[in-house]
Amino acid sequence: PKEEQDDDKLIVVVSSAVGTSGLRLRKIPSKGGALITILGAGARLTVLEPAKKAKAKIGKANKWLHVRGPGSQRGYVSAEYVALP
């Protein structure tokens, strides 16, 4: 059904668990991926993958989310350190 389109814009926030070091936004879904920027706790991110798939990964270790961060930068963050607002 097409009604799901607006729902697909899932927003997540960077968890306070990242502490003062922040959450790394990377070019590829890997800890070795090139660093794009560092996101502070509370930063809002738009998920760029199907909401249903993304929700299953939130808060889990060794999972990556494809997101668009502030300033329209796109990359991957560890799903372990994001939460639903």
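Analyst: Leaving aside its neighbours within four places in sequence, isoleucine 28 is in contact with Gly33 and Tyr76. The model is predicted, and every value below is computed from it. Isoleucine 28 sits in the loop between S2 and strand S3 (35-39). Is this residue buried, exposed or partly exposed? Its relative accessibility is 47%. Since "exposed" requires over 50% and "buried" under 20%, isoleucine 28 counts as partly exposed.

Tyrosine 76 lies in S6, where it is the bridge partner of histidine 66. The two strands concerned, S5 and strand S6 (residues 74-78), run antiparallel and are joined by five bridges. Together S5 and S6 form a hairpin with five residues between the strands. Within that hairpin, glycine 71 takes a positive phi near 80°. Serine 72 lies in the loop between S5 and S6, and its phi is near 60°, a positive value in a residue other than glycine. Serine 72 is also exposed, with a relative accessible area of 54%. How far apart are the C-alpha atoms of isoleucine 28 and serine 72? They are separated by 16 Å, the two residues being 44 residues apart along the chain.

Asparagine 62 lies in the loop between H1 and S5 and has a positive phi of about 60° although it is not a glycine. With a relative accessibility of 67%, asparagine 62 counts as exposed.

S5 also pairs with another strand. Strand S4 (residues 44-47) and strand S5 (residues 64-68) pair in the antiparallel sense over two bridges. In this pairing, valine 47 has valine 67 of S5 as its bridge partner. Serine 78 is buried, its relative accessible area being 13%. Setting aside neighbours within four places in sequence, serine 78 touches Leu23, Lys63 and Trp64.

The largest nonpolar core has 18 residues, of which Leu39, Leu45, Leu65, Val77 and Val82 touch the most other members. The elements that give two or more residues to this core are strand S1 (11-14), strand S2 (23-26), S4, helix H1 (51-55) and S5.

Charged residues provide another link. How many salt bridges does a search of the whole structure find? The search finds one. Glutamate 49 forms a salt bridge with lysine 57, and the closest N and O atoms are 2.8 Å apart. Are the two partners buried or exposed? Glutamate 49 counts as buried at 11% relative accessibility, and lysine 57 is buried too, with a relative accessible area of 16%.

These parts can now be placed in the whole chain. The secondary structure comes to one helix and seven strands, and from the N terminus on the elements run β-β-β-β-α-β-β-β. The radius of gyration is 12 Å, close to the 12 Å that the globule rule gives for 85 residues, so the chain is as compact as a globular protein of that length. Along its principal axes, the C-alpha trace spans about 40 × 25 × 25 Å. Of the 85 residues in the chain, 35% are buried. Among contacts between residues at least 6 apart in sequence, 55% join residues at least 24 apart. Finally, the chain exposes about 5,300 Å², of which carbon and sulfur atoms supply 49%.

Key:
Residues are numbered from 1 along each chain as its sequence is written. This is a predicted model: local features need pLDDT of at least 70, side-chain atom pairs count only at pLDDT 80 or more; totals for chains, interfaces and linings use all residues. Side-chain values use heavy atoms; hydrogens and water are left out. Two strands pair if DSSP finds at least two bridges between them. Helices (H or I, at least four residues) and strands (E, at least two) are DSSP runs, numbered from the N terminus. Buried means under 20% relative accessible area, exposed over 50%, partly exposed in between (1.4 Å probe, protein chains only). Contact means heavy atoms within 4.5 Å. A nonpolar core is a set of buried Ala, Val, Leu, Ile, Met, Phe, Trp, Tyr and Cys residues joined through side-chain atoms within 4.5 Å. The radius of gyration is taken over C-alpha atoms; the globule rule is 2.2 Å times the number of residues to the power 0.38. Accessible areas come from the Shrake-Rupley method with a 1.4 Å probe; for residues, only the protein chains shown count as cover. A salt bridge is a side-chain nitrogen of Lys or Arg within 4 Å of a carboxyl oxygen of Asp or Glu.
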